Amino acid sequence: MKMALQCALCETTLTGTLSIVSERTPGAPQPKHKEGEPLTPCGVAFESWEPIERSCGDTPSALEFVPQFWLNPDDLNGSVHNTSDVSRLNGCCGLDGCDGLNQVCRCGAGVGTLRTDCWTPTVFIPDPKGTKWTLA
């Protein structure tokens, strides 16, 4: 299925056309974390029914929801940028994405979490409340 991601608030298109691949599709290739490489190829959004992160304590992780879509950060267009909330921009050599939404639309709405740190998969995970999929 060919879809594009939009901001739920202002309906700005955040990506180009993406093919949605679900882990529930028989024979679908599963993404593998390779340090320094995006989790998914450009043009592909992987639908996961396992969260990319789980909490170890009583408080759920910000990325502990399903379904979850994993996108190549290069698929984002110029409408998406870092939040101005510096407390969400932690990481040693990139963004670790552990402190909540760190990417916003040009309208200011939170749209997802970017992970680019050395110890995390390189991936953009859209927020299901801040984004929506549209047919491309």
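Which loop holds I52? I52 sits in the loop between β3 (44-48) and β4, and the views below take up this residue and others in turn. This is a predicted model, in which local features need pLDDT of at least 70, side-chain atom pairs count only at pLDDT 80 or more, and totals for chains, interfaces and linings use all residues. Residues are numbered from 1 along each chain as its sequence is written, and side-chain values use heavy atoms, with hydrogens and water left out.

**View 1. The whole protein chain has 0 helices and 9 strands.** Helices (H or I, at least four residues) and strands (E, at least two) are DSSP runs, numbered from the N terminus. Read from the N terminus, the elements run β-β-β-β-β-β-β-β-β. The radius of gyration is 14 Å, close to the 14 Å that the globule rule gives for 136 residues, so the chain is as compact as a globular protein of that length. The radius is taken over C-alpha atoms, and the globule rule is 2.2 Å times the number of residues to the power 0.38. Along the principal axes, the C-alpha trace spans about 35 × 35 × 30 Å. Of the 136 residues, 44% count as buried; buried means under 20% relative accessible area, exposed over 50%, and partly exposed in between (1.4 Å probe, protein chains only). Among contacts (heavy atoms within 4.5 Å) with a separation of 6 or more, 53% come from residues 24 or more positions apart.

**View 2. The largest nonpolar core has 15 residues.** A nonpolar core is a set of buried Ala, Val, Leu, Ile, Met, Phe, Trp, Tyr and Cys residues joined through side-chain atoms within 4.5 Å. The members that touch the most other members are C7, L14, L71, V111 and F124. Two or more residues each come from β1 (2-7), β4 (68-71) and β7 (110-115). A second, separate core of 8 residues includes F46, L63, F65 and W70. Leaving aside residues up to four places away in sequence, C7 touches T12, L14, C105, C107, A109, V111, G130 and K132.

**View 3. I52 and L39 touch each other.** Beyond residues up to four places away in sequence, the contacts of I52 are L39, L63, Q68, W70, R115, P121, V123 and I125. L39 lies in the loop between β2 and β3 and is buried, with a relative accessible area of 9%. With the same exclusion of residues up to four places away, L39 touches P31, K32, H33, I52, W70, P121, T122 and V123. L39 and K2 are 37 residues apart along the chain, and their C-alpha atoms are separated by 19 Å.

**View 4. V44 is a residue of strand β3.** Not counting residues up to four places away in sequence, V44 touches L18, S19, V21, W70, L71, N72 and D75. One of these contacts, N72, is 28 residues from V44 in sequence, and the C-alpha atoms of the pair are 7.4 Å apart.

View 5. Most residues other than glycine have a negative phi, and most peptide bonds are trans. P67 lies in the loop between β3 and β4. E11 is placed in the loop between β1 and β2 (18-22) and is partly exposed, with a relative accessible area of 46%.

**View 6. A136 lies in the segment after β9 (131-135).** Is A136 buried or exposed? A136 is exposed, with a relative accessible area of 58%. A136 and M1 are 135 residues apart in sequence, yet their C-alpha atoms are 9.0 Å apart. Not counting residues up to four places away in sequence, A136 touches K2, M3, A4 and T17.
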